[in-house]
Amino acid sequence: MVNPFDAARAAFRGRVSGDPTGAPDWVREIATVGSGAGWYDPDGVVWRVHGDLSTLVGGVAALLGQGAHPLALAGVQRHSAYREDPWKRLAGTARWLVVTTFGSAELAERESARVRGMHRRVKGTLPDGRAYSAGDPDLLRWVHLAFTDAFLAAQDAVGRSMARYGRRWHDDYVHDWARSAERLGATDLPHTRAELGEAIRAYAPVLEPVPDDLLAFLQGPPGLSPPEKVVYAGFSAGAARLVSPTIAPLARVPGRGSRSPRDRAQLLVTEAQLRALNLALGSHSPSEEAARWRLGVGPAPAWAASA
C-alpha cells in the first residue's frame, strides 16, 4: 500500500524538479561535481532563504513582477512553453536557482554558462518595434530585482525565523545574491534592501499592467489535482500580498502595502500550509542534502545510498 505522505512527497518533487525523487541528474551533480562550499556560505543567508519553502510563495510574487515588464514578459511568452507545460518551466528556473546556491563554484559557473547560452537565443521585436533580448543587462537586472524583492518579502512574511542572522540579514541577502545575476550579465545591482526598493521604483515608467491571461494562469495553473489546487490557492493568495507596492497596482493585487485583517489572516493560512508541507518533505530539500553530503556535513542522500 502506498504511503500517502510518500505519494505527496513524490508528486511535489516531480513538480518542482521534474523528477519524483527530487534528484534529477542536475541535483546529483550538486553532490558529485567539484568541492568546497561554492559561491555561498552553507551557514549564510542565501542557503537559508533558498532552502526555505517560502520561495514557493515568493516565486509566484516574482512572476507577477516579471510580467509587469513588457520586454521581460515577451521573452517568456514567445520563447517558452510555460502555458502548455508550466511545470517544466518551473523545474528549469529551479535548476538555476538551486545549482548556483548549493553547487560547487565549478558547477555554479557551468550552470551560469548554460543559462547565458539559452539567453542568447531569446530575442525578438514587439509589434510596436521595441526589441528585447534575454541577455540584455537591463532586463536581467529587472528579473533579478523582482525575484530578490519577492524572496525577501516571502521570507519575512511566511518563512522560518531569520533571527540568528541579525537585523541586517536583508542587506546581506541582497548583497550576496547579486553575484548570481552578475554572472549572467546583469549590471548596476543593488546591495542593500533600501537600494533594492529604490531600484524597483525607478522602473515604474516602463512597467505596464500584467496581462489578464497571465494573472489567470498564475492564480491556477493547469494540471493540478484537487488537493494541489487547494494548496496552490493559498500560495497564490499569499503571494498577492507580498508584491512590491510599485508592482501591485499593475497586477491588481493588494501587495504588501496593504495589511488589513484579511491580508494578515491570509498570510497566516499560507504560513500554516508551508509548515505542513515542510513536515511532509523534511527539513532539507534534495538539493541541499546533496550539497551537505558533498561538504561532509550531512548523510548520503537516499539516491546515493541506492546507487
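Asp263 and Arg241 are joined by a salt bridge in which the closest N and O atoms lie 2.8 Å apart. The two residues belong to distant parts of the chain, 22 residues apart, with Asp263 in helix H14 and Arg241 in the loop between helix H12 (226–239) and H13. Both Asp263 and Arg241 are buried. The model is a predicted one, and the count of salt bridges in it comes to 15. In one network, Arg95, Glu111 and Arg114 are joined through salt bridges that share partners.

A further salt bridge connects the side chains of Asp52 and Arg160, with an N to O distance of 2.9 Å. Asp52 is located in the loop between helix H3 (45–50) and helix H4 (54–67), and Arg160 in the loop between helix H8 (137–158) and helix H9 (169–184); the pair therefore ties together parts that are 108 residues apart in sequence. The relative accessible area of Asp52 is 3%, and this residue is buried because the value falls under 20%. Arg160, by contrast, has a relative accessible area of 23% and is partly exposed.

The side chains of Arg252 and Asp212 also meet in a salt bridge, at 2.4 Å from N to O. Here Arg252 lies in the loop between helix H13 (248–251) and helix H14 (261–281), whereas Asp212 is part of helix H11 (residues 212–219), so that parts 40 residues apart in sequence are tied together by the pair. Arg252 is partly exposed, at 43% relative accessibility. Asp212, at 58% relative accessibility, counts as exposed.

Helices H8 and H9, which flank the loop containing Arg160, form a contact with each other. Their axes come within 10 Å and cross at roughly 150°. Because angles over 145 degrees count as roughly antiparallel, H8 is assigned this orientation relative to H9. The crossing of the two helices is right-handed.

On the H8 side, the contact involves Leu140, His144, Thr148, Phe151, Leu152, Gln155 and Asp156. The residues of H9 that they meet are Trp169, His170, Tyr173, Val174, Trp177, Ala178, Ala181 and Leu184. By residue class, the contact of H8 with H9 comprises ten nonpolar, four polar and one charged residue.

Conventions:
Residues are numbered from 1 along each chain as its sequence is written. This is a predicted model: local features need pLDDT of at least 70, side-chain atom pairs count only at pLDDT 80 or more; totals for chains, interfaces and linings use all residues. Side-chain values use heavy atoms; hydrogens and water are left out. A salt bridge is a side-chain nitrogen of Lys or Arg within 4 Å of a carboxyl oxygen of Asp or Glu. Helices (H or I, at least four residues) and strands (E, at least two) are DSSP runs, numbered from the N terminus. Buried means under 20% relative accessible area, exposed over 50%, partly exposed in between (1.4 Å probe, protein chains only). Axes are lines fitted to C-alpha atoms, for helices over the stretch in contact, and angles run from 0 to 180 degrees between N-to-C directions. Angles under 35 degrees count as roughly parallel, over 145 as roughly antiparallel, 65 to 115 as roughly perpendicular and the rest as oblique. A crossing is left-handed if the near helix is turned anticlockwise from the far one by less than a right angle, and right-handed if clockwise. Contact means heavy atoms within 4.5 Å. Ala, Val, Leu, Ile, Met, Phe, Trp, Tyr, Cys and Pro count as nonpolar, Asp, Glu, Lys and Arg as charged, and the others, Gly among them, as polar.
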